[in-house]
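Student: Hi! I'm new to this one, could you walk me through it?
Tutor: Happy to, let's bring it up on the screen.

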Amino acid sequence: MAETYLDSTELVLNMGPQHPSTHGVLRVIVKLDGEKVLGTDCVIGYLHRGVEKIAENRTYTQFAPYVDRMDYVASVSNGLGYCLAVEKLLGVEATPRAQVVRVILTELNRIASHLLWLGTHALDIGAITPLFYCMREREYVLNILEKYCGARLTTHAFRIGGLQYETYEGFEQECLAFCDMFLPKADEYEELLTGNRIWVERMRGVGILSAADCKAYGVTGPMIRAAGEKWDLRKAQPYSGYQNYDFDIPTGEFGDNFDRYLVRMEEMRQSVRIVRQAVAALPAGPIMAKVPKVIKPPVGEVYVSIEAPKGELGYYIVSDGSTQPYRVRVRPPSFVNLQALDKMAKGCLVADLVAIIGTTDIVLGEVDR
Amino acid sequence: MSLDSAMPEEQKPEGVQGSGPARSESPQPAADAAPAAAAPKPEAPKPAAPPKPAPKPPAPPPPPPDWEGDLPTALKAEFGDKVSEFIAYQGQPSFVVAQDAAHQVVTSLRDIHGFDYLVDVTAVHWPKRDEAFDVIYVLYSFVRNERIRMKVRIKDGQKPASVVDRYVTANWLEREAYDMFGVEFAGHPDLRRILMPDEWTGYPLRKDYGILEMDNRWVQENLGIESGQ
Amino acid sequence: MKKLLRKIFLADLLEGLWVTFRNQDPKYIVTEQYPFARPKVGERYRGAPRLNTNPENGETLCISCDLCALACPENLIVVGWERNAQTKRKELVNFTYDTSRCMFCGLCEDACPVDCLELTQDFELANYSRDGAIWDRQMLEEGPKPARYKF
Ligand code: SF4
Ligand code: SF4
């Protein structure tokens, strides 16, 4: 290695960990030939907090707030996955009302997550305006979350077995108002970006990852859909009542940056559809299933995964019959998706690297855990 | 056939029974959060500290049902006694593979049975057992829409074969298992630490690694502080 | 041809500018003018902790049951109590709450059986020293008094 580093034709560039476009503390060592990327090596772990170790020293209830801190822009999804996993271990299921409220909040959070992605990614590419608009719309979602559970980012919205909080007065109306407000805004973003020449030139044909590569690299979420694979865990293995909603899985064609952008835009619209149906179908009833006060699942192990905004988020929990989990393994979508960066970036230009990291949509809190 | 989505309904009643003893316990709510036994506490909460002799379940919970279907049959036919313990706990199929056959089984699963997506590779530490580590592979098949779990039991120091040559995604996942548990994968192209610093010693997710433990020498040398706590 | 014309006249850029122009409308402004105006936070907002007292006689509602300390994942609450020799009841002596380690998850609040410990809508928790982040009983009962500056 040492010789190649000194070779005059190749340049090793250190990008990050303090680089604005890596959205956190990602360090990428890039090998360059002129402006062409020959290879990348990600150095991660700067944000490692040992979440899995903490889990082994907390009770099942106590660990729930920690999962919010992994993918902190979509904390509701993290909480949902964890609660579903423990519920599966316990053999209980959330009540119908709780399930519907969960769906509403998770979908709203998916919109918020994609909005943050869109805004920051547009900023990376050089378009500042969408950031302001996306943040503005995201604010409405965060306000709903704040009113519902008292926190905007690390929500801790769900509890094992159901919900802690009943919906507040005007919850349904606010969700619907957001949906009505949001759809024209989404068109507005598209007006700003989809036809924009700079945007298209920067995104089209860059960072291509075919469906076969996605499978080999374990890449999931919007990225595999952009490659044309119509696969979404909400449809493939429905959880929390997703089989009751009518929505489409948007797919792309080429698996490049632009397709990923289009898929995420369409996913937000589909989320709006789900929220509308869920609000209309919100049943009355209890919000908490019968779970013991001390959660003590029987000996066993489960792997439960959900479709988080970034891909398949899985929880593998081993119980030894005590009040603390024996082992919690989080299968983070960002971590696995980031691995494909090298494949996507090879042969493109340095400037495109930023765009590729952007459309991979990583959250370092989740990569490093 | 989708085991994952078809089975849970049949499984649920059993699961609920299994958690019966836990539910009947403690009318007194003080045990809401039983103290973390391992976590050092600033002030040991006396009232709930001794683990209450929980009412012993009258009978051990029924063993998880066998996992039946064409896949176990095919695997048994192909690998004989190298594969065993086909169970479907909570409707989730899993099985155990002998360490020396793991790589062949993975290859067969990928090439013949269509499990084209390796979801996760991880490990669990069982210090009391002779085979101290479970290495867990979660596999998914897009065509069958089915998720299975494969377990390989290894002794401390044994090296399971890396599956990077079958699934590229195993690269980082195996590095993480190595980083956290010290399980070395034979034939891995680039087995380095991934989340912890390269020079760190010790494997944090092993059970004998305390939650406050750290590599003091590394902390002192690199951070210039006495201790991270 | 149409494409070429669009290109020459920068139609895509003008469309984008038109969107920006439409958004000049002040009804789209959502920026909060903190600290000139304090934003209103949700009713369930989990902010600064408070120990509630009985509004009539000012006595604490806390029954020193230690449930909040047990529920907290971060183990940051320490309830100090003494048994009153006459009434045989626990009496709260001290209560420390380390806001620097708190993650405002609300589990302690949920655990409290008497609505004593509560996370309030106060969100100004900044301090000049680390020790200042550890709140004692008096501070918890009276609430924080952040400095208000005039501009
Ligand atoms: S809010 Fe959470 S972290 Fe903070 S004291 Fe309460 S239980 Fe502990
Ligand atoms: S749970 Fe409430 S009553 Fe019990 S010690 Fe804590 S503050 Fe006091």
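This is a predicted model: local features need pLDDT of at least 70, side-chain atom pairs count only at pLDDT 80 or more; totals for chains, interfaces and linings use all residues.

Student: Okay, chains A and B to start. How many residues are in contact there?
Tutor: On chain A, 57 residues are in contact with 65 residues of chain B. Together chain A and chain B bury about 5,200 Å², and 55% of that area is on carbon and sulfur atoms.

Student: How many salt bridges between chain A and chain B?
Tutor: The count is 9 salt bridges. One of the pairs in a salt bridge is A:Arg329 with B:Glu176, at 3.1 Å from N to O. There are also 28 residue pairs in polar contact across the interface of chain A and chain B.

Student: Which part of chain A gives the largest share of the side that touches chain B?
Tutor: That would be strand β6 of chain A, residues 300-308, which gives 6 residues. By class, the side of chain A that touches chain B has 25 nonpolar, 14 polar and 18 charged residues.

Student: Let's switch to chain C. How many of its residues are in contact with chain A?
Tutor: For chain C it is 28 residues, in contact with 32 residues of chain A. The two chains bury about 2,500 Å² between them, with 47% of it on carbon and sulfur atoms.

Student: And how many salt bridges across the interface of chain C and chain A?
Tutor: The rule finds 1 salt bridge there. A:Arg159 forms a salt bridge with C:Asp110, and their closest N and O atoms are 2.8 Å apart. Polar contacts across the interface of chain C and chain A come to 15 residue pairs.

Student: Which elements of chain C give two or more residues to that side?
Tutor: They are α1 (2-8), α2 (11-22), α3 (67-71) and α4 (107-111) of chain C. Of these, α2(C) gives the most, with 7 residues. The side of chain C that touches chain A divides into 14 nonpolar, 4 polar and 10 charged residues.

Student: Now the ligands. What surrounds ligand 1?
Tutor: Ligand 1 is surrounded by 13 residues, and the closest are C:Cys72, C:Tyr97, C:Cys102, C:Cys105 and C:Cys108. Its shell has 12 nonpolar residues, 1 polar and no charged ones.

Student: Which residues are around ligand 2?
Tutor: Among them are C:Cys62, C:Cys65, C:Cys68 and C:Cys112. Others include C:Asp66, C:Phe95 and C:Pro113. The shell around ligand 2 divides into 10 nonpolar, 1 polar and 1 charged residue.

Student: Back to salt bridges. What's the count over all chains?
Tutor: It comes to 50 salt bridges over all chains. As background, side chains of opposite charge can pair when their charged atoms come close. Take A:Arg152 and A:Glu139, whose side chains meet in a salt bridge at 2.9 Å, N to O. A:Arg152 lies in the loop between α6 (129-149) and β4 (158-159) of chain A and A:Glu139 in helix α6, so the pair ties together parts that are 13 residues apart in sequence.

Student: Is A:Arg152 buried or partly exposed?
Tutor: A:Arg152 is partly exposed, with a relative accessible area of 26%. A:Glu139 counts as partly exposed too, at 21%.

Student: What about A:Arg264 and A:Asp361?
Tutor: Their side chains meet in a salt bridge at 3.9 Å, N to O. The pair links distant parts of the chain, 97 residues apart: A:Arg264 is in helix α12 (residues 257-280) of chain A, and A:Asp361 is in the loop between α15 (350-360) and α16 (364-368). A:Arg264 counts as buried at 1% relative accessibility, and A:Asp361 counts as buried at 7%.

Student: What else does A:Glu107 touch?
Tutor: Leaving out residues up to four places away in sequence, A:Glu107 also touches A:Tyr242, A:Ser271, A:Ile274 and A:Val275.

How values were computed:
Residues are numbered from 1 along each chain as its sequence is written. Chains are lettered from A and ligands numbered from 1 in the order in which they are written. Side-chain values use heavy atoms; hydrogens and water are left out. Contact means heavy atoms within 4.5 Å. Buried area is the accessible area (1.4 Å probe) that two parts lose on being put together, summed over both. A salt bridge is a side-chain nitrogen of Lys or Arg within 4 Å of a carboxyl oxygen of Asp or Glu. A polar contact is a pair of N or O atoms within 3.5 Å; within protein, one must be able to donate a hydrogen and the other to accept it, and residues adjacent in sequence count only if both atoms are side-chain atoms. Helices (H or I, at least four residues) and strands (E, at least two) are DSSP runs, numbered from the N terminus. Ala, Val, Leu, Ile, Met, Phe, Trp, Tyr, Cys and Pro count as nonpolar, Asp, Glu, Lys and Arg as charged, and the others, Gly among them, as polar. A residue is near a molecule or strand if one of its heavy atoms lies within 4 Å of it. Buried means under 20% relative accessible area, exposed over 50%, partly exposed in between (1.4 Å probe, protein chains only).
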